[in-house]
Amino acid sequence: MDLKRISFFIFTLSFFFAIAQEKEQEPASRQINIVYGANFTKDEAQFPGASIFSKDDERQVQFEHQGADLWCDIAIFYSQENRLKAIGNVRLQQGDSIEMNSSYMSYNGDSKLAKAWEKVDLTDGQMTLTTDTLYFNREKQESFYNSGGKVVDSVNVLTSKIGTYFTELKKVQFRNNVHIDNPEYIIDSEQLDYYRISKNAYMYGPSTITGEEYKIYCERGFYDTKIEQGYGIKNTRIDYDNKIILGDSLYFDKTSEFASATNNIQITDTINNGVIRAHYAEVFKAKDSVFATKRAVSISMVEQDSLYMHGDTLMVTGKPEARILRAFRNAKFYKTDLSGKCDSIHSAEKTGITQLIKNPILWNVDNQITGDSIHLISDLETEKLDSLKVLENAFIISLDTISKTGYNQAKGKDLYGKFIENELKIIDLIRNTEVIYYMYNDDQELIGIDKTICSKIRLLMANNDIEDITFFVNPDGDIFPDTELPVESRKLKGFIWRGDERILSKDDIFDEDDNNIELVKIRGIDNPIDIDAEEKERQENENDPINKISATKAIKPKEATVKKVQSP
């Protein structure tokens, strides 16, 4: 052993003995220990009370403290204060996983607080965090930066102005200008909690996820970055497959090309300029379809007028040019001059035909029209309402606008109507036709009541009232003075006036059950969520083969009712 090493060994024994005397009241476990000191010196002028160690040709200076080892080129060690400053190629190793490198580091053995700066990187074997300055609390097992940082793992590159890494939870909380780069999508957020093992992200504040075929905005949400699946539960919007989806709670799954929404939903078709509102809806991209229920209504433009269509269930299927809208059970519709109801409605974009199926009734302003089946036909070029078909047991009734007591009536096997500039102008009734019509002179004095039967009747309309009647093929009837036609003879067989059912506004398409729907409570909006507990449960489900199938369900907000679950 050379003289230099003998001298250093003797000095080190003296140094440790001095430290032991100074810190005899200090628990040994709290003291920073020197493992390898190499070269030793003191500089009381610049570093009073400090011992200065520097590396030699064989190895760096090394310290140990409560399960962590630190290496550096130079260490300024304040033994009495139990703290040190490490300079040059600093490396802090904790256990088998956590390693932090930097140019400089200060460490306090009592508080177990470390500050590293200049070219800082921290890794746990699966993830690397780089920043200019990093604060490491070994007591809480938390690392913190506030001057900008970047985290890289096998899936994502994440950057933010502020970040905290929770070692035990393997979670990084990013704040301020959070950005995630992934080959398949980009995420921007004000705050995002990212779990390193699962690659799950929990978003807070304005957040946007932009994929190749979708864009999601929310102010509170979850996203599985591996499979592009998640939900939003505050001010959420999804731009997806030429549709804009809004709702209190929205769920999205790229793999199954599926999205669902709960409470206060609005789905806008950006191509056909149609809107669906409801309190539960599902969107299937592959089938280009929408399913909606719970006060569901479709809103579309017909000749500068909004058409509202409602049913217990709404379904929209098919590509834009061949779209089909179906309303099932308790179907109703309303626009300013046309409304109706039936059991179900089938409307096809390709043919321009809207069918009212089972017990249909139609109101064209003041005219009540019924039959076994009613078809409304639009002109495919102008997209204006063109014609009307009422098949089997066609019946049209309107209240006599002058007397307010009688009813103008016409019936036949079938009815065909023609719309001109959105007004029903011509009505043809064919086979076994009958009519009762109140006739007035120019002074609005009743001339008589026309009661006639024939093979065909044509009604010409003006201002939605009968202006002229033409009878075809052997008409048989007469005009009766008011006093000569008994009241019981003033109604045709099958007459039923349903004025009290008439839909007079867009709100009338909803019944009492629709208006009293109790919305489900979405967990996380008003009720705080223990995110760490939820993430633990989610990871347990993923790791348990028995529960793995239900893991997809667990992703959705648990209080949101989901009718159909699309497994990835």
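Ser298 sits in strand 26, which covers residues 297-302. This placement, like everything that follows, comes from a predicted model. What does Ser298 touch, once its neighbours within four places in sequence are set aside? The contacts are Val275, Ile276, Leu307, Tyr308, Met309, Leu314 and Leu325.

Next come the charged residues. The whole structure holds 27 salt bridges, and a few of them are worth a look one by one. Take Arg83, which pairs up with Glu81. Here the closest N and O atoms are 2.4 Å apart.

Another salt bridge runs between Lys285 and Glu257, with 3.9 Å between the closest N and O atoms. This pair ties together distant parts of the chain, as the two residues are 28 residues apart. Lys285 lies in the loop between strand 24 (274-284) and strand 25 (289-293), while Glu257 lies in the loop between strand 22 (249-253) and strand 23 (258-269). Is Lys285 buried or exposed? Lys285 is buried, because its relative accessible area of 18% falls under the 20% cut-off. Glu257, on the other hand, has a relative accessible area of 27% and is therefore partly exposed.

Then there is Asp414, which forms a salt bridge with Lys413. The closest N and O atoms of this pair are 3.4 Å apart. Asp414 is buried, with a relative accessible area of 8%, whereas Lys413 is partly exposed at 21% relative accessibility.

Last up are the cysteines. A disulfide is a covalent bond between the sulfur atoms of two cysteines. How many disulfides does a search of the whole structure find? The search turns up 0. As for individual cysteines, Cys72 has 0% relative accessibility, so it counts as buried. Cys454 is buried as well, because its relative accessibility is 9%.

Note on methods
Residues are numbered from 1 along each chain as its sequence is written. This is a predicted model: local features need pLDDT of at least 70, side-chain atom pairs count only at pLDDT 80 or more; totals for chains, interfaces and linings use all residues. Side-chain values use heavy atoms; hydrogens and water are left out. A disulfide is a pair of cysteine sulfur atoms within 2.5 Å. Buried means under 20% relative accessible area, exposed over 50%, partly exposed in between (1.4 Å probe, protein chains only). A salt bridge is a side-chain nitrogen of Lys or Arg within 4 Å of a carboxyl oxygen of Asp or Glu. Helices (H or I, at least four residues) and strands (E, at least two) are DSSP runs, numbered from the N terminus. Contact means heavy atoms within 4.5 Å.
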